[in-house]
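Colleague: Could you take me closely through a single part of this model, the site where the ligands are held, and the strands that go with it? I would like the cut-offs stated as you go.

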Amino acid sequence: MSSKPIWVLGAGQLGAMLKHAGMPLALDVRPVDINESSAPSLANDDLVTAEREQWPETLVTLTLAQHALFVNKPIFGRLADRKTQKELIDSLGLATAPWRNVAGDITASELRNKLGERVLLKRRTGGYDGKGQYWLRAVDDEVPADWQGHSIAEQAIAFDEEVSLVGIRNRAGQCIFYPLTLNLHLNGILYASVAPLARLQQLQQHAETMLGKLLNELEYVGVMAMECFRVGNQLMINELAPRVHNSGHWTQAGASISQFEYHLRAIADLPTPKAQILGHNVMINLIGTEYNVKWLNLPVAQVYWYGKDVLPGRKVGHINLVSRDVQDLRATLQQLSYLLPEQYYKEAISWSLKALEDVA
Ligand SMILES: Nc1ncnc2c1ncn2[C@@H]1O[C@H](COP(=O)(O)OP(=O)(O)O)[C@@H](O)[C@H]1O
Ligand SMILES: [Mg+2]
């Protein structure tokens with residue numbers, strides 16, 4: 001089997017991991033840096049996908065986004081704008097944090113009247129890893145001028161925890177889902193994920209119904225992630241990502257078909273059976289952390305290093321840990337804690353160990 005190229009708009013770590021996932025299937029996946037000075041030359045039957053939901057206009061993005069076989073083309077803009085994303089969620093009657101559009105010189109007190117005391121502004125486009133957020137704090141805190149007309153306001157949700165569901169819709173319209181993943185975000189950045197967890201199973205069906213409705217409404221093809229807040233027994237959608245997602249990285253080690261391979265299989269119209277889950281999984285993000293070759297001494301640690309400059313708060317890699325034996329996984333996490341900056345032990349590792357108490 002030889003395949004037509006699958007071009008990826010963007011050449012960050014997600015594009016690299018898509019390319020990696022395509023190799024065993026001889027899928028010719030080609031991530032493209034959006035700032036390349038020359039545009040790739042595409043054949044009519046090449047496929048195009050994206051590792052990001054938003055992009056500036058460049059020679060490369062214009063070329064790729066105009067291609068007739070750019071999968072999910074109309075969906076990116078709709079989900080990349082938090083206003084139209086929220087409108088979609090509302091139109092399907094799915095639970096989400098109450099919100100208002102920030103426009104027409106709406107004041108902070110009007111927003112508080114409608115949404116409650118604690119209000120979070122989110123820029124309509126361009127935010128990620130907690131960037132593009134602004135809490136209206138003090139009572140006299142007004143909406144900053146440059147956020148008027150460019151943001152939505154959300155009610156602060158006092159959630160118990162954050163979970164996500166990664167789903168796949170194939171070209172025949174069938175949906176497949178991974179188990180719900182428990183996520184730790186600190187300052188808006190994902191630090192760790194744990195999956196599967198028995199105690200989340202009772203929410204699985206409901207979560208699948210929610211994401212299934214969205215996937216079908218959009219006639220989406222490929223992988224989409226739904227981030228949720230768990231409040232008691234209820235799920236509330238926080239946001240959607242029309243792409244492979246950081247909270248699905250554990251599937252590289254922990255599932256018989258990873259999210260990256262599923263995305264490629266779906267868009268290339270290859271079979272998409274339900275993946276088997278291979279054990280208990282923890283994914284630790286490496287954030288602003290220097291590379292440590294000693295990570296490679298841990299037999300079950302699957303290290304992904306993105307080769308980027310290390311900057312504070314920047315995702316520079318992740319480590320997947322999988323084991324059928326939860327005690328073994330806990331022991332590896334303890335070992336890993338000595339090989340990471342202290343803050344990891346205090347936060348991400350201790351949080352993961354606690355989450356795993358549920359599966360023992
Ligand atoms: N309405 C909210 N109430 C409380 N916390 C929130 C709310 N919205 C977002 N957050 C927190 O901020 C994090 C990042 O927000 P999110 O909307 O997911 O943006 P990003 O694109 O940066 O991931 C969330 O994972 C959550 O921890
Ligand atoms: Mg998010």
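Modeller: What follows goes from the conventions to the ligand site and then to the strands around it.

This is a predicted model, in which local features need pLDDT of at least 70 and side-chain atom pairs count only at pLDDT 80 or more, while totals for chains, interfaces and linings use all residues. Residues are numbered from 1 along each chain as its sequence is written, chains are lettered from A and ligands numbered from 1 in the order in which they are written, and side-chain values use heavy atoms, with hydrogens and water left out.

Ligand 1 is surrounded by 20 residues (a residue is near a molecule if one of its heavy atoms lies within 4 Å of it), and the closest are Lys-122, Gly-130, Gln-133, Glu-162 and Glu-239. By class, this shell has six nonpolar, seven polar and seven charged residues, where Ala, Val, Leu, Ile, Met, Phe, Trp, Tyr, Cys and Pro count as nonpolar, Asp, Glu, Lys and Arg as charged, and the others, Gly among them, as polar. Among the polar contacts (pairs of N or O atoms within 3.5 Å), an oxygen atom of ligand 1 is 2.8 Å from an N or O atom in the side chain of Asn-238, and a nitrogen atom of ligand 1 is 2.9 Å from a polar backbone atom of Gln-155. Taken alone, ligand 1 exposes 540 Å², of which the protein buries 91% (Shrake-Rupley method, 1.4 Å probe).

Strands β5, β7, β12 and β13 each supply at least two residues of that shell, strands being DSSP runs of E with at least two residues, numbered from the N terminus. Glu-227 lies in β12 (residues 222-231) and Glu-239 in β13 (residues 234-241), 12 residues apart. Glu-227 is buried at 11% relative accessible area, whereas Glu-239 is partly exposed at 21% (buried means under 20%, exposed over 50%, partly exposed in between, with a 1.4 Å probe and protein chains only).

Strand β7 (residues 151-155) is mostly covered, with four of its five residues buried. Strand β5 (residues 119-123) runs antiparallel to β7 and is joined to it by five bridges (strands pair if DSSP finds at least two bridges between them), with Val-119 opposite Gln-155.

Conventions
A polar contact is a pair of N or O atoms within 3.5 Å; within protein, one must be able to donate a hydrogen and the other to accept it, and residues adjacent in sequence count only if both atoms are side-chain atoms.
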